[in-house]
8 protein chains.
Amino acid sequence: MNKATLLELLAAVQSGTITPAAASQRLADMPYEDIGHARIDHHRSLRTGLPEVIYAQGKSPEQTTEIFTRMAASGTDVLATRADAPTASMVVAAIPAAIYHPKARAITLKQSTATEPTGHIAILSAGTSDQPIAEEAAVTAELFNTKVTRLFDVGVAGLHRLLDVRDQLTNANVIIVCAGMEGALPSVVGGLVGVPVIAVPTSVGYGASFDGAAALLGMLNSCSPNVTVVNIDNGFGAAYTAVLIARASARRS
Amino acid sequence: MNKATLLELLAAVQSGTITPAAASQRLADMPYEDIGHARIDHHRSLRTGLPEVIYAQGKSPEQTTEIFTRMAASGTDVLATRADAPTASMVVAAIPAAIYHPKARAITLKQSTATEPTGHIAILSAGTSDQPIAEEAAVTAELFNTKVTRLFDVGVAGLHRLLDVRDQLTNANVIIVCAGMEGALPSVVGGLVGVPVIAVPTSVGYGASFDGAAALLGMLNSCSPNVTVVNIDNGFGAAYTAVLIARASARRS
Amino acid sequence: MNKATLLELLAAVQSGTITPAAASQRLADMPYEDIGHARIDHHRSLRTGLPEVIYAQGKSPEQTTEIFTRMAASGTDVLATRADAPTASMVVAAIPAAIYHPKARAITLKQSTATEPTGHIAILSAGTSDQPIAEEAAVTAELFNTKVTRLFDVGVAGLHRLLDVRDQLTNANVIIVCAGMEGALPSVVGGLVGVPVIAVPTSVGYGASFDGAAALLGMLNSCSPNVTVVNIDNGFGAAYTAVLIARASARRS
Amino acid sequence: MNKATLLELLAAVQSGTITPAAASQRLADMPYEDIGHARIDHHRSLRTGLPEVIYAQGKSPEQTTEIFTRMAASGTDVLATRADAPTASMVVAAIPAAIYHPKARAITLKQSTATEPTGHIAILSAGTSDQPIAEEAAVTAELFNTKVTRLFDVGVAGLHRLLDVRDQLTNANVIIVCAGMEGALPSVVGGLVGVPVIAVPTSVGYGASFDGAAALLGMLNSCSPNVTVVNIDNGFGAAYTAVLIARASARRS
Amino acid sequence: MNKATLLELLAAVQSGTITPAAASQRLADMPYEDIGHARIDHHRSLRTGLPEVIYAQGKSPEQTTEIFTRMAASGTDVLATRADAPTASMVVAAIPAAIYHPKARAITLKQSTATEPTGHIAILSAGTSDQPIAEEAAVTAELFNTKVTRLFDVGVAGLHRLLDVRDQLTNANVIIVCAGMEGALPSVVGGLVGVPVIAVPTSVGYGASFDGAAALLGMLNSCSPNVTVVNIDNGFGAAYTAVLIARASARRS
Amino acid sequence: MNKATLLELLAAVQSGTITPAAASQRLADMPYEDIGHARIDHHRSLRTGLPEVIYAQGKSPEQTTEIFTRMAASGTDVLATRADAPTASMVVAAIPAAIYHPKARAITLKQSTATEPTGHIAILSAGTSDQPIAEEAAVTAELFNTKVTRLFDVGVAGLHRLLDVRDQLTNANVIIVCAGMEGALPSVVGGLVGVPVIAVPTSVGYGASFDGAAALLGMLNSCSPNVTVVNIDNGFGAAYTAVLIARASARRS
Amino acid sequence: MNKATLLELLAAVQSGTITPAAASQRLADMPYEDIGHARIDHHRSLRTGLPEVIYAQGKSPEQTTEIFTRMAASGTDVLATRADAPTASMVVAAIPAAIYHPKARAITLKQSTATEPTGHIAILSAGTSDQPIAEEAAVTAELFNTKVTRLFDVGVAGLHRLLDVRDQLTNANVIIVCAGMEGALPSVVGGLVGVPVIAVPTSVGYGASFDGAAALLGMLNSCSPNVTVVNIDNGFGAAYTAVLIARASARRS
Amino acid sequence: MNKATLLELLAAVQSGTITPAAASQRLADMPYEDIGHARIDHHRSLRTGLPEVIYAQGKSPEQTTEIFTRMAASGTDVLATRADAPTASMVVAAIPAAIYHPKARAITLKQSTATEPTGHIAILSAGTSDQPIAEEAAVTAELFNTKVTRLFDVGVAGLHRLLDVRDQLTNANVIIVCAGMEGALPSVVGGLVGVPVIAVPTSVGYGASFDGAAALLGMLNSCSPNVTVVNIDNGFGAAYTAVLIARASARRS
């Protein structure tokens with residue numbers, strides 16, 4: 001349930017097509033649905049502006065499908081991240097309108113009416129191998145109705161590739177930078193622009209990258225003060241916050 | 001040099017009070033001044049919207065004072081963080097209009113004309129011991145002309161203290177949460193609001209806090225997707241990004 | 001051998017149905033049975049109040065089955081944790097009364113006479129993915145004749161889910177909280193109640209969760225002083241201690 | 001404010017010595033007092049059974065003294081941990097009835113009426129150097145009206161010292177074990193008794209003890225399932241939980 | 001080539017059955033054989049008293065077999081550790097007198113004449129799961145002609161099991177203790193005896209055992225000063241040093 | 001595009017066989033080719049003296065093959081590292097002149113005219129298991145037209161093996177040392193020679209080698225000041241830098 | 001009390017100069033003396049062959065002096081390690097026969113009759129800065145009546161220094177090697193000799209030595225199988241075990 | 001003793017001004033001088049091309065002065081690093097020609113005849129706080145007769161500062177880059193040039209820089225393959241290797 005469906009409900013009360021008692025019942029159900037292994041937080045959209053999202057890793061395909069179906073039933077857009085192919089098959093079989101994005105390992109269901117995208121996010125990746133994380137971020141932001149510019153493979157060892165896309169950076173309301181190895185790209189990007197940069201360390205690399213810890217530490221120690229950091233490989237979280245910033249920024253008249 | 005002083009310069013050229021050659025000379029000086037031990041990036045304000053800031057730790061009082069004085073001469077607001085008392089004395093002696101904030105260990109110089117604050121940041125601290133970091137964030141944001149609401153000592157072990165200030169949270173464009181020990185507060189706050197939350201792990205704690213590493217890891221693993229993280233004790237960096245978000249958000253309609 | 005079977009033995013001596021020599025022989029056997037690869041500590045029940053438990057991981061199905069069978073022969077309840085399906089099949093084939101709990105990966109054998117449960121434990125999990133660990137705790141506590149209330153998926157990012165079950169928390173003698181990611185739930189729960197809280201970090205999460213280390217550190221640094229911690233994913237250990245506390249607490253009045 | 005003072009208040013209302021309005025005012029003040037740098041949680045005693053405690057480290061002597069004085073004014077017992085000598089001097093000057101325990105670095109104020117201690121805790125230390133932490137635990141437990149048996153310097157390298165005090169272990173409702181270096185003592189104790197053991201790793205040791213991390217890891221991996229762990233050097237937290245267990249256990253019969 | 005075969009060679013020179021030139025040639029070959037991917041150190045036996053040993057992990061079955069065969073050809077006893085089944089099959093096919101010990105993952109070839117064992121090593125394991133490492137130690141020591149007493153599953157949580165075998169400990173010249181989890185056993189054993197104790201941390205455990213790091217740190221911090229430590233799971237190394245000590249010790253009287 | 005093909009292009013302009021406009025077009029294409037998932041940096045050869053190299057790990061066989069083919073089309077030598085067999089098959093099918101080196105997991109394509117090798121690199125490995133990394137270094141250096149002397153299995157536990165090849169060390173312009181376990185070899189080699197030593201920690205070892213971290217730390221702490229270090233298992237990077245040094249050194253006289 | 005004083009006591013009983021009751025009383029006192037903050041283990045000498053030793057760090061000068069005095073009173077040799085100058089002054093004032101070794105930070109008291117040293121230990125240090133740890137080992141071994149050969153500053157970066165003292169190595173029954181930085185020396189020494197090598201990592205070094213962790217890991221991963229390891233900077237522990245080995249070895253015919 | 005003084009010695013033999021016996025004596029002294037606490041490796045210059053250097057940290061002023069004086073007596077240039085002011089005073093008092101460089105914490109003594117510098121090193125620092133390490137490198141390189149270009153405060157957050165000095169980079173034979181925080185500068189520099197880059201992580205930074213570990217990991221994971229790394233804050237080691245490379249490179253005719 002999101003703001004729109006809430007207003008619809010209240011309007012229905014006003015117009016008499018639903019009794020206050022029935023409306024009250026629906027509102028009372030709102031906080032969450034307890035389906036045994038999970039408590040679905042339908043309320044979240046109202047509270048935080050964006051719907052709860054299913055983290056499919058560690059859940060069985062059956063569990064993910066059940067939660068996905070319940071959420072779909074409430075009429076909101078739905079997103080499941082870290083979904084493998086068997087999970088995706090089961091979800092799409094249950095909800096044919098759902099779409100699987102294999103590179104991003106995400107399943108999306110668009111149920112809200114399409115409107116003009118609000119806000120603009122540039123998503124950079126340092127190398128080809130960082131692409132799955134960058135795609136997770138892109139798919140998330142697009143489902144949440146934000147314009148995305150993808151700028152992939154612009155790592156710091158070939159600086160001219162980054163300088164070439166500088167103009168595209170300055171148009172964005174917020175920038176997401178996905179990088180593994182030494183994680184240097186966010187610092188360089190942060191020094192070039194005047195908008196927030198959200199850094200996503202990726203687990204790309206070998207040896208002393210320690211599964212992304214090197215990139216994570218590098219980003220946390222960025223000398224550019226407009227850089228904040230999310231968890232390793234957490235493209236979804238970066239996009240979620242970026243959408244909040246982009247929406248607020250875009251509303252400038 | 002910031003946008004305003006740049007436009008002034010160009011206007012002076014137009015009006016003939018300064019020759020194009022002299023203006024050109026000043027612009028050529030802009031990118032940075034090389035004073036031997038440092039290259040001052042006056043250009044930064046133009047490029048990123050906020051002035052470069054002096055990180056005083058690891059610099060001698062003389063070095064900090066020299067950089068501070070050069071920056072002051074360019075007419076912008078100036079901020080030095082991590083400044084101890086001897087450094088502050090020397091800076092204030094050189095620039096009497098500068099103010100030392102001992103709790104925040106920051107020196108500020110306000111030279112821009114006072115205007116209505118743009119945007120609103122709520123700054124929370126989990127405990128009394130986290131206050132210095134929270135104050136560093138507050139002083140930074142206020143110098144950058146943003147409204148700050150301080151909500152200190154609202155840690156999760158006494159949840160009613162946090163729930164009591166919930167209304168004040170929802171008014172902010174962005175929230176900074178400073179917490180040491182287990183670093184749980186950002187996740188709880190993140191679940192209550194629909195704006196970005198910037199988490200600042202502090203080095204408060206003992207034993208297995210490992211100088212803030214426990215709080216840092218906790219925040220990076222937050223189950224609230226609107227949480228991003230900065231370095232341990234980095235109140236300044238959190239405020240810098242928060243100001244960028246608050247400004248953009250505040251310009252709504 | 002537990003206290004009851006010991007008293008039975010001594011009564012048999014008193015009544016003359018067993019000779020002192022034979023009784024002595026049985027008592028001499030008590031400390032442990034040496035079966036080559038293991039020394040079974042039948043004595044433990046007498047010494048610590050609860051039977052020794054088989055940690056099946058790293059043992060072959062044959063080894064686990066042999067130890068399980070020997071323990072079963074002594075008449076006590078038996079528990080094997082971390083048992084995979086092949087091990088469970090072999091054990092159940094040997095001891096048909098044994099039950100396999102696949103979600104908890106535990107095998108139980110109830111041989112003691114059913115009595116009214118003693119004491120009451122609430123077991124919380126932060127997310128659906130923490131359920132296997134929470135179930136291991138629940139199965140353990142139930143075998144040891146304690147009442148269990150399961151409260152799953154009540155993580156801190158949706159605080160109202162936790163506040164809704166607050167009444168159920170206050171009825172318990174002790175609370176077990178299983179959480180991965182940032183491990184914040186025990187601190188919040190600890191602040192709401194006046195009973196001991198046993199925190200179980202789980203290896204749920206990705207990136208900088210470092211296989212549960214982030215949750216572990218968070219819990220160790222809890223600002224709620226009624227929180228103690230066990231090893232990552234150690235649902236069994238948490239339940240074992242919780243049973244000891246619940247039994248003692250329940251004997252009030 | 002604790003349960004006793006609450007009942008007193010309500011009795012005063014009943015007897016008419018205080019008006020409902022005034023009582024209501026006092027109750028409304030209860031949750032916490034906001035004194036700027038801290039929000040004192042007077043409510044805690046009611047909610048969790050034991051008063052909030054002041055963690056003096058990282059607070060100025062003035063801050064600690066102010067919080068201590070406010071708490072004292074509400075009539076409860078008060079405890080400040082990690083207090084250095086200057087802080088203690090200032091607190092005792094303000095509240096002459098307060099007592100400083102230098103070995104434990106704790107300040108206590110007993111205001112409740114003395115009653116028979118409830119419950120019994122044995123506190124063990126592995127070596128002489130672990131004593132400050134063990135004393136912090138002992139002082140805490142005694143202020144909270146629990147009987148304490150101190151058994152110091154009973155480390156595992158001289159096992160007969162531990163076996164000699166075995167009888168004293170079996171009389172306790174709960175056992176606290178403080179140990180640095182390899183942290184082996186809790187496992188050995190845990191195997192000898194049938195009550196909960198709370199392990200406190202200490203930062204005693206050198207080299208690869210890594211400031212207590214070795215002992216912490218050892219205790220978390222204890223093969224005795226009745227062992228739970230608190231933070232390094234956290235004698236207070238261990239005692240707090242032990243008091244909860246001892247009280248509940250002591251009420252038997 | 002070992003001391004015996006060297007003396008034989010020199011005797012042959014003395015007796016004229018081999019020319020000095022031919023002997024010199026054989027001695028010149030001694031330091032090592034370069035077979036491309038490896039330089040076999042036949043010399044080692046002469047230099048250090050025990051033959052070089054093949055570490056089969058990370059080598060192909062073909063490589064291990066080739067090195068094994070070359071070593072066998074020089075007449076010494078041969079040992080390969082960390083050998084999987086396919087490697088063992090290939091080696092035994094090439095050298096039918098070689099024996100595979102699957103539990104210890106070791107291949108041995110006894111070529112020296114059997115003599116009375118020299119010295120006595122007790123090998124303890126804390127739990128059943130530590131057995132493979134303990135067996136690697138035992139097989140190594142036995143090949144090197146030392147008497148071995150196996151004392152398995154005597155962990156500290158059931159102290160009476162250890163105290164029962166105390167007599168067997170005091171007969172040994174040196175003791176090897178294999179333990180995972182908290183690694184407490186070596187400290188306890190070290191306090192009971194007056195001979196060197198070699199501690200082998202094993203990777204047995206879960207969660208915060210961090211693949212044996214917890215046991216390793218515990219053992220390094222042992223409060224018993226007669227404990228030294230080898231690498232995690234390094235049963236071979238422990239036995240190698242133990243054999244050196246046992247041989248020297250056994251030559252008493 | 002490398003210097004030679006650039007000069008050819010410019011000569012063609014001079015001689016009129018290509019118009020300045022066409023040449024300009026080719027030069028404009030130089031910086032990189034954007035093929036969607038990657039931006040190929042043909043420019044690199046000109047800028048840094050050696051061509052960009054494909055890091056195949058984390059790329060699909062299709063992606064690697066496409067990038068390899070594009071690079072091959074520009075006429076330079078091409079190298080792909082960390083290529084598994086399926087990737088190699090697909091690349092060699094597309095570019096039959098490419099060669100797969102399975103031990104080094106590298107694919108090479110030699111397109112430049114063969115000339116006398118420039119400079120001389122000695123590559124040492126401590127053990128047989130370090131060979132794959134040493135081979136990656138050797139294949140890289142040979143493709144880049146440098147003479148390589150392989151000295152494998154010369155670890156410090158049999159010092160005479162190293163001392164025997166000492167003469168071969170002193171002939172090299174630079175030395176690469178690959179070692180796992182304790183990583184001691186570079187320090188010893190560094191003390192014997194007067195040329196730069198590049199240390200490559202390998203992930204060979206078990207237990208507390210922590211996947212090469214022990215060797216890495218050892219090498220970083222080398223007491224020989226002519227030792228620098230690259231990432232764990234990074235044979236390619238070591239060779240790349242070594243080639244730069246060897247080329248410069250070789251041009252003496 | 002050691003074996004000699006025990007036999008004296010028993011002889012006194014036999015000869016009637018002490019009554020059995022009085023002897024029994026003295027024997028009953030033996031296990032330990034409880035002096036409040038410490039339980040002195042006089043029994044240890046009898047049980048393990050060497051007296052208990054005082055670890056002075058973390059103890060007050062008064063505590064160390066009291067324990068030292070009690071031990072001295074029992075007639076054995078006494079050793080205190082990690083003693084600073086104020087502690088030494090107080091001990092020597094109380095027991096004038098005690099000697100302070102400032103470089104080793106050790107206090108020794110020789111009370112046993114001087115006899116011919118038993119066994120021979122070579123103690124090596126890699127650099128001048130490792131000397132304090134090496135001296136702690138040497139002082140310990142000498143007090144325990146073992147011959148010590150000091151070979152300092154023979155680090156691997158100047159291999160000829162080590163090779164020059166090779167003969168002195170081969171005469172020892174056991175070798176202690178103290179090294180910081182990369183900790184390579186034990187592996188090299190281990191490869192040269194046929195006796196046990198006890199490696200002592202020291203906290204000498206900077207940066208990535210991480211206070212000795214680099215040396216520790218290096219030594220644990222030694223490719224020489226006759227190397228065992230003790231804690232960082234634990235010269236005492238190394239010497240204690242070395243004395244046990246040297247004594248046993250020296251008793252050869 | 002270096003090559004020049006050796007040739008002088010041999011010439012003196014040839015010319016008869018020194019007898020072969022005396023020369024032999026001097027050569028026999030060469031390998032090292034044993035002065036008790038140190039073995040001075042005069043031989044090193046001959047073996048590796050550069051003199052041994054004194055690491056003053058952890059040595060007493062007396063020890064450093066003694067070693068410095070002995071080295072000075074052999075006629076070579078002498079360098080002591082990590083020397084504090086008291087040590088410097090004592091050394092300069094003993095050897096008045098020695099010079100103390102307080103920023104670099106180094107003492108130098110130039111005794112060789114001044115010649116044209118051989119080779120050219122560019123030394124970059126990311127920020128003002130990295131300067132001491134950069135200066136240690138510069139002083140070292142200059143003593144070893146290499147030309148140094150200092151380029152300080154050119155961190156990646158203000159990329160134009162780096163791009164401005166690009167020409168100066170391309171003139172150097174080798175580049176040293178000192179950077180703390182995220183350690184991104186070497187990767188960016190490495191991508192711009194075709195010479196070896198030696199990266200020096202510095203301990204500058206706070207929080208999650210973990211005393212330089214973040215920068216170290218970043219540099220080890222550099223995506224520029226011409227980057228090798230030395231220990232944290234090891235400006236000396238970087239310069240030592242850089243001098244070897246610069247010399248070899250400079251000899252290009």
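Predicted model: local features only at pLDDT ≥ 70, side-chain atom pairs only at ≥ 80, totals over all residues.
**Entry 1**

Searching the whole structure, I recorded 40 salt bridges over all chains.

**Entry 2: two salt bridges in chain C**

I turned next to C:E66 and C:R70, whose side chains meet in a salt bridge at 3.8 Å, taken from N to O. Both residues lie in helix α4 (residues 61–73) of chain C, and because they are four residues apart there, about one helical turn separates them. I wrote down that C:E66 is partly exposed, with a relative accessible area of 30%, and that C:R70 is partly exposed as well, with 33%.

How far apart are the closest N and O atoms of C:R82 and C:E136? I read 3.2 Å for this pair, which forms a salt bridge. The pair links distant parts of the chain, since C:R82 sits in the loop between β4 and α5 (85–94) of chain C, while C:E136 belongs to helix α6 (residues 131–143), 54 residues apart. Are these two residues buried or exposed? I found that C:R82 counts as buried at 9% relative accessibility, and that C:E136 is buried with a relative accessible area of 1%; the cut-off I used for "buried" is under 20%.

**Entry 3: the sheet in chain C**

I followed four strands of chain C, which form an open sheet in the order β3-β4-β6-β5 with mixed pairing. At the edges stand β3 (54–55) and β5 (99–101), each with a single partner strand, so one side of each is left without a neighbour in the sheet. For C:I54 the bridge partner in β4(C) is C:A80. As a reminder to myself, strands of a sheet pair through backbone hydrogen bonds, in either a parallel or an antiparallel way.

**Entry 4: a covered helix in chain B**

I checked helix α9 (residues 185–192) of chain B and noted that it is mostly covered, with eight of its eight residues buried. Among them are B:L185, B:P186, B:V188 and B:L192.

**Entry 5: where chain H meets chain F**

I counted the contacts here and found 34 residues of chain H in contact with 34 residues of chain F. The area buried between chain H and chain F is about 2700 Å², and carbon and sulfur atoms give 59% of it. Across this interface the rule finds zero salt bridges, whereas six residue pairs are in polar contact, both residues being at pLDDT 80 or more. On the side of chain H that touches chain F, at least two residues each come from α3 (44–48), α9 (185–192), α10 (213–220), β11 (227–229) and α11 (235–250). The largest share, eight residues, comes from α11(H). Sorted by class, this side of chain H has 16 nonpolar, 13 polar and five charged residues.

Technical notes
Residues numbered from 1 in each chain as written. Chains lettered and ligands numbered in written order. Heavy atoms only, no water. Pairing = 2+ DSSP bridges. Contact = heavy atoms within 4.5 Å. Buried area = accessible area lost by both parts, 1.4 Å probe. Salt bridge = Lys/Arg side-chain N within 4 Å of Asp/Glu carboxyl O. Polar contact = N/O pair within 3.5 Å; in protein donor to acceptor, adjacent residues only side chain to side chain. Nonpolar A, V, L, I, M, F, W, Y, C, P; charged D, E, K, R; others polar. Buried < 20%, exposed > 50% of the residue type's maximum accessible area, 1.4 Å probe, protein only.
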